[in-house]
Amino acid sequence: MKRPGPKHYLLAPGVLLVSCVFLAPFLLLVVLSFWTQPEGTLLVEPSLTVENYLRIFSDPYYLRGLARTIWLSFATVFFSLLLGFPAAYWIVRRAVRLRRIVMALMLLPMVCGALLPTLGLVNILSPLGIINGSLKQLGLIDRSIPLLGTQTGILIGLIQAFLPLMVLPLVAVMERLPLALEEAAMSLGARPPQVWWRVVMPLAAPGIVAGSVLVFCAALTSFVTPQILGQGKIATFAAMTWQQASLVLDWPFASALAMVMLLIMAALACMVLGFRRLNWVRP
Amino acid sequence: MRRVLLGGVTALVVLFTVAPLIVLVFSSFDDGKFFRFPPREFSMRWFEAAFASVEYRSSLLNSAVVAVVATLISVVLGTAAALGLQRTALRSRAALEMVLLAPLTLPLVIWAIALLQIYSWLGVGGTFWGLALAHATFTLPFSVRVMLATLSAIEPGLELAARSLGARPWRAFARITLPLALPGIATSAALSFFISFNDVIVSTFIAGSSWMTFPVRLYSQLRGQGIDPTTLAIGTMIIASILIVVALTELFNRKASRA
Amino acid sequence: MKTCWKTACSVASIGLVLGGASFAQDYAGETLVVGTWGGDIERLLREHAAGPLEEATGAKVEFLLGGSGDRMAKLYAEKSNPTMDVTFQNIYEAPQALSDGLVVAPDESSEIYGDLWEGMNDGCYAMSLVGLGIAYNRDLVSEPVEWADMWNPDYKGMIAMAPYPSSEGDGLLGVAARLEGTDEHDPDVAFAKVAELGAPALNYTSLDEVFALMDAGEVAMAPMISGYVLAALKEWDNIGFSFPTDPGPVLVRDMVCQVANSPNPELAKMFIKLALSPATQEAYAEELLFGPTNSKAELSEEAAADTVNTPEEVASLLQLDWPYVISQRADWTDRWNREVLGQ
């Protein structure tokens, strides 16, 4: 019997599509990021300069924006993991009949796109929204607490939007863990928290890593959620890119901002690959 | 006690993810132009307005057509690519996988502007296929991911067995692998469809005047005169239709598992 | 009935433009693409410009909706092969588009050019005149409301602003500079003065958002552009709008542009002529309170009271040096982000 060989014809259409529609514009951006916009015009001029990159890294404003975006993305990962891990565990181990429904509900915001859930969140967080409205009804406050236009508001929106990206890979990995392992640990006298820390968590590590990477990248590049919930007061890196690309029309600089974001993600990917390799080396 | 705690956390998580949508549905029945809590008067007027508006209807239809075509491309190419990846040597596999997942890495705004320039050079700006291919491209990574996960769970020996019993490759695939992969195909189709259907950013730049989609219309209004509550009503209907699809799949799955 | 009559007039006028009915069918099968804002503007343009043009020529008119910034991006990205024929831009964008050769300069010899107020066609044809004034909560702010009141410490943290870059933002900078005895050419003074207001209570993207918060007493004042705002304010009793006098309201204009090298230049010219015709301009004024640029437009008393529509009113408005403001865009965006928003 012959093993099926490599199927390049299966891969070709997909790779072709991505190459034409994604990689070509991507290369254009790489080139653009080294071009400039002369004084007095919005048209770009071919050149070879690192001016755009220097501007990002020499200006505390952009560095602060970068730091803020990275911190928000890490915070999103942290809280998604904190909330997503127990939920995934419950879905895999406890939910029997509810399982599909719970999964479907969790997927709902992802399927609805960024706009609809964000509009809902605005109605919850706005000065006249549900939280402030309830507090005012209860007589606890006179003037609204600002929730929109704050980092907290954005963080809430990001967690809400990207939690499913954490839960899905966690569920996928945990499903493959035999229940017998936990039972064995318990029978050897381990208490449930120990079982979680010492048995479940390490074995679920690939899922944790996959979920964290997905959530981090999504949070880093997300635009609609921070823009609407931040009301333009909190600049994230994607919002800065948008402002430069779509309002100031300085495309070379906007491209450079996007490239920096991409490099951060690439660095992260390398770290994760390194981590995986370490894992493989270990028995 | 611990069980209750775990269940409680899960319930909270579910509530947290779904709450904004519940509020959205709730506020689409509020009479006011800008939602405030406590709400003032119950009203169906935004739903009536939604059905009365020709523009909303035609843009919803545009969105649906673009999403269906993009989904078809994305699912077919994604499934093929996942099959191909599964049968590729480990070394080149990582690189190819990278390429296929790459569209997730750039902010869509800047990508859309660059794509618009390329389309313009090629003279396909504003065309249907330009838009559909763009949508297929950014939904493709989701299809590939889901299909890779699905295929990896299918025992490869099954198809090999069928072939060793004399089935031709295509037949073995169609009779063995395809039926087993059906839930995954359905999932990636649903994901692709709704991600395409709800896209704002790419369509704002790429969609021509003949293919103005619903979210573009919504967003262009949101930034001018304000949130037209009509759009909240339409959002409510979109959420309702998603729930119906989910419920139907659930029913279908239950029947299938009983059979 | 009145609308019917107006439509008939427009059809007749376009018949004249074409120089005979036999000409009309030549455009059947052509599609004119017009970029504009969704909502009321789209509706009025369809009624008064697109509809009559379709009837007269057999061509089809389609609208491309979005913000004017999106359209600017589209103009630049598609400069080799434009898909839009006509685009509506803001005054802070049009001169730049002309100097970069993306739009056709207004034709000074044309009849319609002569009908428009003098000196308004910077870059493209002026479509409507509106003034940057102040919307305010009547219970919190005592009338008459002047620019200087925004700096009253009682209202600190209760001012809403539009996101930058925008005509509202540039206008506010111009006003702030004049309050300090200079003008927009002295950005250091302007930014320092605007920064004194502190971070805005709200960075608004929609009118309803501002009004709901103003109604609830969360926002006291907001520099806003007349037009839409005045039309929408009819629903809010406790919100007023002031055209200040010291300095006057800042003149802001929407412009209508013919895209350079577009597929249908002839149809584009006809559309622009219809958009600038008294019929469309009157509808803009009556329904949205956007001041007409066509001096032949005749308004009802009600509309005339709330719009900029006489030469004297136009003269009382504060005019910024837009080409200069535009040239500072990138720099001022950075400064606004830092100094006003405190990012």
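**Helix packing, chain contacts and backbone**

Analyst: Helix α8 (residues 179–187) of chain A and helix α9 (residues 192–203) of chain A pack with their axes 10 Å apart, at an angle of about 140 degrees. Axes are lines fitted to C-alpha atoms, for helices over the stretch in contact, and angles run from 0 to 180 degrees between N-to-C directions. Helices (H or I, at least four residues) and strands (E, at least two) are DSSP runs, numbered from the N terminus. This is a predicted model, where local features need pLDDT of at least 70, side-chain atom pairs count only at pLDDT 80 or more, and totals for chains, interfaces and linings use all residues. Residues are numbered from 1 along each chain as its sequence is written, and chains are lettered from A and ligands numbered from 1 in the order in which they are written.

User: Is α8(A) oblique or roughly antiparallel to α9(A)?

Analyst: Angles under 35 degrees count as roughly parallel, over 145 as roughly antiparallel, 65 to 115 as roughly perpendicular and the rest as oblique. The angle here is about 140 degrees. Therefore α8(A) is, relative to α9(A), oblique.

User: Which residues of α9(A) make the contact with α8(A)?

Analyst: Two residues are in contact if their C-beta atoms, placed from the backbone, lie within 7 Å. On α8(A) the contact is made by A:Leu181, A:Glu182, A:Ala185 and A:Met186. On α9(A) it is made by A:Val195, A:Val199 and A:Val200.

User: Which element gives the most to the side of chain B that touches chain A?

Analyst: The contact takes 69 residues from chain A and 74 residues from chain B. With 17 residues, the element that gives the most to the chain B side is helix α1 (residues 2–27) of chain B.

User: Is A:Gln231 buried or exposed?

Analyst: A:Gln231 lies in the loop between α11 (224–230) and α12 (237–248) of chain A, and its phi is near 50 degrees, a positive value in a residue other than glycine. A residue is buried if 20 or more other C-beta atoms lie within 10 Å of its own, exposed if 12 or fewer, and partly exposed in between, with C-beta atoms placed from the backbone. Because A:Gln231 has 23 C-beta neighbours inside 10 Å, it counts as buried.

User: What is omega for the cis peptide bond from C:Asp246 to C:Pro247?

Analyst: C:Pro247 is found in the loop between β9 (239–242) and β10 (250–259) of chain C. Most peptide bonds are trans. The bond from C:Asp246 to C:Pro247 is cis, with omega near -15 degrees.
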